[in-house]
Amino acid sequence: MATLNVLILVCLGYVVLLFGVAFAADRLAAHGGGKWLRSPLIYTLSLSIYCTAWTFYGAVGNAARSGLEFVTIYLGPTLVMVSWWWGLRKLVRIGRSQRVTSIADLISSRYGKSNTLAVCVTILAVLGGTPYIALQLQSITLSFSIFAEADPTGLYREGSSVFWVAAGLAVFAILFGTRNLDANERHHGVVTAIALESVVKLFALLAVGIFVVWGIAGGIGPMMERIDASEIGQWHVDAGRWTTFIFLSAAAFVCLPRMFQVMVVENDDESHLRTAAWAFPLYLLLMSLFVVPIAVVGLDLMPEGSNPDLFVLTIPLSQGNDWLAMLSFIGGFSSATSMVIVTAMALSTMVSNHVVMPIWLNTQEGTASVSGDVRTIVLMARRVSIAVIMAFGYFYYLLSGGGAALASIGLVAFAGISQILPALVGGLFWRGATRTGALVGLSVGFFLWIYTLLLPGMQGGIIPPSVIENGPFGWGWLRPQALFGIEGIDPMVHTVMWSLSLNTIAFCVASMLSFPSPLERLQGAQFVNVFDHSAAPRGWTGSVAQSEDLMIMTQRILGTIPAQEFFQAEARRQNGRPGRLPEPTPQFVERLERELSGSVGAATAHAMIGQIVGGASVSVEDLLAVADESAQMLEYSSQLEAKSAELSRTARQLREANAKLTQVSRQKDAFLSQVSHELRTPMTSIRAFSEIMRDTDGLSADEQTRYAAIIHDEALRLTRLLDDLLDLSVLESGQVSLNMGDATLTEVLDRAVSSALAGEGRALSVRRVRPSERIPLHTDLDRLGQVFINLISNAQKYCDAAEPALTISAHDVGGQVVIDFIDNGDGIPPEAQAMVFEKFARVGSDKAGGAGLGLAICREIMHRLGGEVAYLPGQGGAAFRVSLPLAYRQAAQ
Amino acid sequence: MTARGEGEDRPSSVRPLLFLERQSYRRRRLVDAARLLPFLGAGLLALPLLWPDETDGAEALPLSSAMFYIFACWGLLILISLVFGFAARRMAAREKAEPETEPWQR
C-alpha cells in the first residue's frame with residue numbers, strides 16, 4: 001500500500017525533476033543549444049495545458065453524469081486548431097509582429113494602445129482565473145485525501161496541504177516565469193517542463209484507460225457491451241448545451257490568458273502551427289479516448305455515492321494497483337501544476353504591465369530615465385502578482401469550502417473569459433472595430449456574465465433568493481436566470497447566449513457609432529492586414545530625444561548587457577561604427593519601443609518612450625495635423641500659382657494694351673499732323689487762289705471760274721473731312737439715332753455698289769452671288785449702305801491687282817447674316833491688320849487721300865447696329881466680313 | 001517533428017510549364033479546403049443532435065455507436081488537417097523557392 005509519505009516523496013521527486021528539466025532547458029537555451037526546445041512537438045505539447053486537472057479528473061466525472069457531453073470541451077479547440085489557416089495563423093503573426101505579451105496587451109494594442117481596455121481585460125482574466133486556480137488546488141487536495149483515506153497511519157491535514165501546494169506552485173512560477181523580463185521571449189524552462197507534464201498526464205490517463213479496458217473489462221468488445229449496458233449507455237445530449245459548449249470551449253481556447261501565453265506569446269515559429277493543427281487535436285482525442293470506459297467501469301465498480309470526479313484515481317486503488325494509482329495521481333498533479341504555473345505567469349504579466357506599471361509611471365511623472373531601476377520594479381511587480389494571484393486562489397478555495405460548487409467553475413470561467421471574443425475577432429478581421437466598441441461590448445458581456453452566472457452560482461447568497469425568484473425590484477423580466485422572461489434554458493446556455501450576443505451587438509453598434517482615433521485606425525489596419533505589411537506605426541521623431549536617456553531607460557528595462565547589445569547593433573546598422581550611441585532616428589525609436597513593449601507591454605512602452613522623447617514626440621494626431629497643414633499649404637500655393645498665372649496674363653494684356661496705346665498715340669500725333677496737313681493743303685490752295693483773285697487784276701472770266709472752282713472743291717474737301725470727324729464723334733458718343741427700315745440685302749448692296757462706283761476712278765469689277773443675297777433686313781439701311789460703300793470704295797482705291805475685282809458673298813452663319821467683301825489684291829500686311837479699324841489709320845501712303853476715318857466709322861456703325869465688321873485674314877486679298885445678327889431679320893418678319 | 005522527405009518534390013511529376021500553373025492552382029484549392037475544414041467539422045459534429053434519444057420515444061442510439069461516430073469524425077478532421085499541414089509545408093518551401101509566383105493567380 002502506497003502510504004501518504006511515499007506519495008509526498010514521489011510528488012517532491014517529481015517537482016524536483018520538473019525544476020531540473022526547466023533549469024536544464026533554460027541553460028541549454030541560454031547557450032544557444034537545444035534546437036529541439038524550439039520544435040513543433042514541444043509547442044504542441046505546451047498547448048496541452050488546456051487540459052487541466054478539471055479535464056483530467058473532471059472529464060470522467062462529467063461523462064459519468066451526462067454521457068458524451070464531456071467531449072464538447074475537446075471538440076471546440078479541435079475546430080479552432082483545424083481552422084488555423086485563417087484564425088490562429090493571423091493571431092500568431094500579429095502577436096509576433098507586435099511583440100504582444102498577453103491577451104490584454106493584444107486587445108490594448110489593437111485599439112490604439114489603450115490602457116483602459118487592457119485593465120478591463122486584466123480584471124476579467126483575474127476574476128475568471130482565480131476560481132480556476134482554486135479548482136486546481138482542490139483537485140490536488142482531493143487526490144491527496146483519497147490517498148490519505150487509504151492510509152490510516154498518515155497525518156493529513158487538508159488546509160495545510162493546500163497551502164503548501166499553492167506556495168510551491170508560486171515559487172515554481174516565480175523562479176521560471178520571471179527569470180527574464182522580456183515577457184515576449186520564450187520561457188524555455190517553463191515550456192519544456194510543461195511539455196514534459198503533458199506527456200506525463202497523457203501517459204497516465206492512457207495507462208489507466210488501458211488498464212480499465214483490457215485489465216478490467218477484458219478487451220474492446222466486452223467494453224463496448226458494458227458501455228451500452230451502463231446507465232449512461234444511451235445517446236442523450238441536450239442540443240443547446242452540446243452546441244454552446246463546443247462554441248464556448250472554442251472561444252475560451254483562444255481567449256484564455258494561459259492558452260494565449262503558450263499559443264501566441266511563447267510561439268517561436270509560425271510554422272509550428274502546421275504541426276500543432278493536427279497534433280494537438282490528436283492529443284485531445286487520446287485524452288478523451290478512454291474517458292467513457294473509465295466512467296462506465298467506475299460506475300460499475302465503485303460503491304454508490306462515490307465521487308465520479310476521482311474515478312481515475314479510485315479505480316486503480318480499488319483494484320489494488322497502487323503504482324498505477326500513483327501514476328494517475330502524478331498525471332492529475334501535472335495537469336494542475338502546469339495550468340497554475342502558466343496562468344500565474346500570464347496573469348502576472350498582465351497585472352504588472354497594465355496595472356502596476358501605469359500606476360508607477362504616473363507617480364514618477366516625467367522621470368522614466370532617471371528614477372530607480374525599472375527592471376527590478378517590473379520583475380518585482382510580476383513576482384508579487386504571482387504570489388497575490390496564488391493567494392487569491394488559495395483563499396477562494398478556503399472560502400468556497402472546496403465543495404462541489406467548484407466543479408462547475410471551469411465552465412463559468414470559460415464563459416467569463418469568452419467575453420473577450422467579440423473584441424478579439426472584431427479586432428483581427430474588422431477594421432471598423434473601435435476602442436469604444438470594444439469597451440462597451442466587454443462591459444456589457446462582463447456585467448451579464450457576473451449578473452446571470454457568477455453571482456447566482458455563488459454559495460452564501462450574494463444575490464438574495466428573492467431577486468433570483470422575482471428579479472430585482474420585482475421586475476420579472478430581469479431575473480438573473482431568465483432574462484427577458486425566457487425561462488427554462490440551462491443556466492450556462494442562458495448566460496452564454498445572452499452575454500455573448502448582447503456583447504457582440506453592443507460591440508458592433510458602438511463601433512459603428514464611434515469614431516476611432518488615428519492611432520487606433522493605424523493599428524486596426526496593421527492588425528487586419530497583417531499579412532500585407534508587418535511594420536509598426538510611426539509616431540516618434542528623434543530630433544530632441546536623447547540617445548543617452550533612451551540608453552539609460554533601456555538598460556533599466558532590458559538589463560545592461562542586452563540594452564548595450566541592442567544599441568550597438570543599432571549603431572552598426574546606422575553608420576557601421578559600433579562603440580558610439582546611435583542617432584535617435586524615428587526608425588530606431590520605433591524599434592526600441594517595440595523591443596520595450598516585449599517587456600512591459602505596448603501601452604507602457606509607448607508612455608515611457610513618450611516621457612523621454614517628451615515634447616518632441618509626434619503623436620499620430622500631430623502628424624495628421626501636419627499633413628492637414630501641408631495639404632492646406634499645397635492648396636494655398638496652387639491658388640497662388642493660379643493667381644500669378646492670372647497676373648502674368650493680365651500683365652501681358654496690359655503690355656499689349658500699352659503697345660496699342662503707344663501706337664494709337666503715335667497715330668494720333670501722325671494724324672494731327674495729317675489733319676493739319678489735310679487742312680493746310682486745301683487751305684493753302686484756297687488762300688493762294690483767293691489771293692490771286694483778290695490781288696490780280698485782269699483775270700479772264702474763264703480763269704476766275706477755274707480758280708473759284710478750285711476754291712470750291714477745296715472747301716468741299718474740308719467740309720467732307722469735318723463731316724467725317726463729326727460723324728465719327730457722334731457715333732462714338734452713342735448719340736446717333738437709327739432710322740430703321742426694311743429691305744432685302746440685294747437692294748442695299750445694289751445701291752451701295754452703284755453709288756460707290758458712280759464717280760470716276762479705277763474700274764472695279766464686282767462679283768456677286770445674287771441668290772444668296774435674298775435676305776430681308778430690318779436695320780438702318782442708310783448706315784448699312786454707308787458701310788458697304790466704304791468697303792467697296794476701299795477696294796476700289798487700294799486693290800493693287802492689275803484687274804481689280806471684288807467678290808461679295810452673303811450667307812447665314814450661326815444665326816448671323818455674314819457678308820464678305822474679298823478683293824484680289826495683296827491685302828493688308830499682318831502688322832497693320834490690327835490697326836485698320838482704328839481712327840486715323842491708313843495703310844501705306846496717303847495716295848488715295850482719305851483721312852483714315854472710313855473703317856473706324858464702319859466699325860462704329862456696325863457696333864450700333866448690333867453687328868460687327870472685321871478683317872478676315874488669309875483670304876488671298878483684303879477681306880472684310882460684315883456680320884449682322886439674324887435677330888434683326890427675324891424681327892422684321 | 002518533421003518526417004524526412006515530406007517537403008521534397010517527387011521528381012516524376014516534373015513537367016515544367018504546365019506543371020507550374022497546375023501547381024499554384026492546386027495550392028489555392030488546398031487553401032480553400034483548409035478554410036472549409038472547420039465548417040465540415042462543425043457540420044459533422046452537429047449531426048448527432050438529430051439522433052434519437054430516449055425522450056423521443058424512439059429507441060435511443062447506443063452510446064458505443066455514438067462514440068464511434070464522434071471519434072471517427074475527430075480522426076477524419078485530424079487526418080485532413082495532417083494532410084494539409086504537410087501540403088502547406090511543401091507550399092511554403094516552394095513559395096520560398098519561387099517568390100515570383102503571382103498572388104492573384106487563382
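Q: Why is V425(A) called partly exposed?
A: V425(A) has 38% relative accessibility. Buried means under 20% relative accessible area and exposed means over 50%, with partly exposed in between (1.4 Å probe, protein chains only); V425(A) therefore counts as partly exposed. This is a predicted model, in which local features need pLDDT of at least 70, side-chain atom pairs count only at pLDDT 80 or more, and totals for chains, interfaces and linings use all residues. Residues are numbered from 1 along each chain as its sequence is written, chains are lettered from A, and side-chain values use heavy atoms.

Q: Which residues form a nonpolar patch on the surface?
A: The patch consists of W86(A), V425(A), F429(A), L36(B) and F39(B), with about 500 Å² of accessible area together (Shrake-Rupley method). Such patches take residues with over 30% relative accessible area and no salt bridge, nonpolar side chains being joined within 5 Å and like charges within 9 Å. V425(A) is found in helix α19 of chain A (helices are DSSP runs of H or I, at least four residues).

Q: What area is buried between chain A and chain B?
A: About 3400 Å² is buried, and carbon and sulfur atoms give 76% of this. Buried area is the accessible area (1.4 Å probe) that two parts lose on being put together, summed over both.

Q: How many salt bridges are counted between chain A and chain B?
A: The count is zero; a salt bridge would require a side-chain nitrogen of Lys or Arg within 4 Å of a carboxyl oxygen of Asp or Glu.

Note on methods: Accessible areas come from the Shrake-Rupley method with a 1.4 Å probe; for residues, only the protein chains shown count as cover. Helices (H or I, at least four residues) and strands (E, at least two) are DSSP runs, numbered from the N terminus.
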